Amino acid sequence: MLIASLLLTVAAAQAAANVEPGKQLFNGMCARCHGIDGTGDEGPSLNRPTLSRAATDEALREVIRDGIPDRGMPRVRRLTNNELNQLVAYVRSLGRVTATSTRGNADKGRATYEKLGCASCHIVGGQGGSFGPDLTQIGVNRGASYLRQSFLGPSETLPKGTSPVPGRGFTEYLPVRVVAADGHEVRGIRVNEDPFTIQVKDSANRFHSFRKSDTKEIEKEFGKSLMPSYRGRLSDAETEDLVAYLASLRGAK
Amino acid sequence: MKRMLIVLLALSTCILSAQVPAPRIASADRTPADWLTYSGNYQAHRFSPLAQITRQNVAQLKPAWIYQVRRTGIVETTPIVADGVMYITEPPSTVTALDVRTGRPLWTYTPTIPTDVIVIGSPPVNRGVAILDDMVYVGTVDGHLIALDTKSGAVRWDIQVDDNKFGYYVTSAPLALDGRIIIGVSGAEAGIRGFLDAYDPKTGKRVWRTHTIPGPGEPGHETWSGDSWKTGGGSAWLTGSYDPALNLVYWGTGNPGPDWNGDLRPGDNLYTCSLIAINPTDGKIKWHFQFTPHDIHDWDANEIPVLFDATVGGRPRKLVAMANRNAFYYVLDRETGEFLSATPYAKQTWAERIDAKGRPVRRAGTAPTVEGTLVFPNIQGASNWPSPSYSPQTRLFYQATREMGTYFYKGEPDYKPGEAFVAGGGRAVNGDDAWGAVRALDSTTGALKWEFKLVTPPMSGVLSTAGGLVFGGTDEGNFFALDAESGKPLWDTQLGGQVRSNPMAFSVDGRQYVAIAAGYALFVFGLP
């Protein structure tokens, strides 16, 4: 019993000593997507007591070690056991920080979501249009600051890791304008591309396929989004309520 | 009776005459119906003298047959074709003989690979077999070299190259010379000490072993400190080239271990990230040239050394060229190893310049850090194992080029036998910020002649042909043909899986075909 509690204390002391080097590793490899202090950005926030894909330390080690490639999280690099311990200790320490980023009212946010007509392009719980990304689990996958940015300045936060076409790493929902050989123009988002062909979905949600050699012009509008910006169109309270609603979308359970 | 005698005589001739003797490989360009060695000829040109498929008719190419591999996995094989039979490898180390007319299997051999096999540093792949006389030779992911009978797939001999428990394994095709099977080893990410071996083709007895990391008392050992040489890496994991007249084998060597933290191994770390010229008779290193001294970015020199002769500076010279993973195209004198030129062929941010001796002057602030340092080219390099091609017709060097950066991380070194010994890693800058191109370089200067852009960095090699064509592939599954003079696209098709292999060409019944592996299958195309 004494030995057991001694071991526990030793383990806790080791974990505490690991937090600082773990933070250094995290800021280098993880913060670009998960945010400084794990507050979330294009990757999910990690400053929560429970992580949906890493309920145990062992599961967390596996996620850090192997990544979740089909959800956009790469396996960044091979880590030693010591480095893994440091990262696990740091990520767990974030869960003890109280999340303060979503102070809005989710119910009010839902009303705003409906009023703005977001459902014309987004699915939540199986309902809505399919031109934009499915938001059913967006609260699990994205942090509050990213969610806020996604409707205030969507062109700065094009979705990542949501594409049903895996592996290419292309910019997703990239607006493109294609002028076909006969002069007709299609504007939409790029769905897929190779050196010889491009596949486009227009704003009416129709697929178009082009051979590049048959087109007059292909313009890729990097830095733009087909989603309207709501900057200046919402009050601060409405903004925070909408963030709270999006953050509450955690999948159909 | 007379007739029977003739049959018997024919039969005995068949038994006595070896199928593919070494002189036949040395003159491979004269028998272009076959593809007798990994890169098509000993000079590693990956050029087919076949000229039936041309700029004018290539748009009519159609699939002739498709072979699907028995077990899913990455297919990086270059087929060998000899006398109507195609020999391919399937993941991880299976050898299959196919009827070259139909793609129907004639035999297949799968070695028993232990379930706890250690493969660190690459996927468990195989890039092809070598053929010599009546045997085909394959290296395996558990570190064996196996000789199989060409007619039955029966094992003639099976030897352990080195102990897989320490991370030694084999992915590359062996190189078959007169009286020698040369094989290099993989495993630098497990902290091995790399080497190149030569075996007696008949018996599998080892003739020599030349370490790529010199031991105590050997020249170059002083470029290591303490015991760092024992885990110094320097694997030799891609098939080299051979000059029969000079009797020299040219072989690239891999990264030093650990990859991204050089603190434990101050010095140049010879002969890592180098080209070594070896006498295949005795295994002695005649000369070496190190592209990246004290590498800390994992830029192995395991690319194809391509041999050709040309006039440089008004003087005819025997040359060896390599489009190195570090983004420079190097031309050396292959008799002496003298450095002649280095020209960047892709974006690079790590070197200010290459000095008159061929040594890079590093740019400050490009070393890996705990926080990550963005450097071009990426970890997999501006090139990698996928083959370039040299056309004696155009005298151009064709290179599938990767334009990509990586955030390089420095980690802590932690050597345990048979485990990853890398001390860091990288996060690739991918998506639309990464792209690629098939580039045609002036073979003697590296100057860009033309490029054909690709939307992602390729892991497919290229083939040039006497029909004036360059064939290549993409990550998106395209297989395509370009005009070798201009780079203009002339034909393309979609194979439905990543092209991560090298094209080759052969002919049967007087008809030319091109073959390429993609996804989990091998595709053979011909004219209708």
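Visitor: Which residue does Phe47(B) stand opposite in E32(B)?

Guide: Let's start with the names: helices (H or I, at least four residues) and strands (E, at least two) are DSSP runs, numbered from the N terminus. E1(B) and E32(B) are paired in the parallel sense over two bridges, where pairing means that DSSP finds at least two bridges between two strands. In E32(B), the residue opposite Phe47(B) is Ser464(B).

Visitor: What kind of model are we looking at?

Guide: Residues are numbered from 1 along each chain as its sequence is written, while chains are lettered from A and ligands numbered from 1 in the order in which they are written. Local features need pLDDT of at least 70, side-chain atom pairs count only at pLDDT 80 or more, and totals for chains, interfaces and linings use all residues, as this is a predicted model.

Visitor: Is Arg46(B) buried or exposed?

Guide: Arg46(B) lies in the loop between helix H2 (22-26) and E1 of chain B, and its phi is near 45°, a positive value in a residue other than glycine. A residue is buried if 20 or more other C-beta atoms, placed from the backbone, lie within 10 Å of its own, exposed if 12 or fewer, and partly exposed in between. Because 29 other C-beta atoms lie within 10 Å, Arg46(B) is buried.

Visitor: And how many C-beta neighbours does His294(B) have inside 10 Å?

Guide: His294(B) belongs to the loop between strand E18 (285-290) and strand E19 (306-312) of chain B, and it has a positive phi near 45°. His294(B) counts as partly exposed, because its number of C-beta neighbours inside 10 Å is 17.

Visitor: Which peptide bond of chain B has an omega of about -10°?

Guide: Most peptide bonds are trans. One cis bond joins Pro91(B) and Pro92(B), with omega about -5°, and Pro92(B) sits in the loop between strand E4 (85-90) and strand E5 (94-99) of chain B. The cis bond with omega about -10° joins Leu270(B) and Tyr271(B).

Visitor: How far from Ser460(B) is Gln399(B), C-alpha to C-alpha?

Guide: Ser460(B) is in the loop between E31 and strand E32 (463-465) of chain B, and it counts as buried because it has 28 C-beta neighbours inside 10 Å. In sequence, Ser460(B) and Gln399(B) are 61 residues apart. In space, the C-alpha to C-alpha distance is 9.9 Å.

Visitor: Which strand gives the largest share of the side of chain B that touches chain A?

Guide: Here 24 residues of chain B are in contact with 21 residues of chain A; contact means that the C-beta atoms, placed from the backbone, lie within 7 Å. Strands E29 (424-429) and E31 (448-454) of chain B each supply at least two residues of that side. The largest share, four residues, comes from E29(B).

Visitor: Let's turn to chain A. How many helices and strands does it have?

Guide: From the N terminus on, the elements run α-α-α-α-α-α-α-β-β-β-β-β-α. That makes eight helices and five strands.

Note on methods
Contact = placed C-beta atoms within 7 Å.
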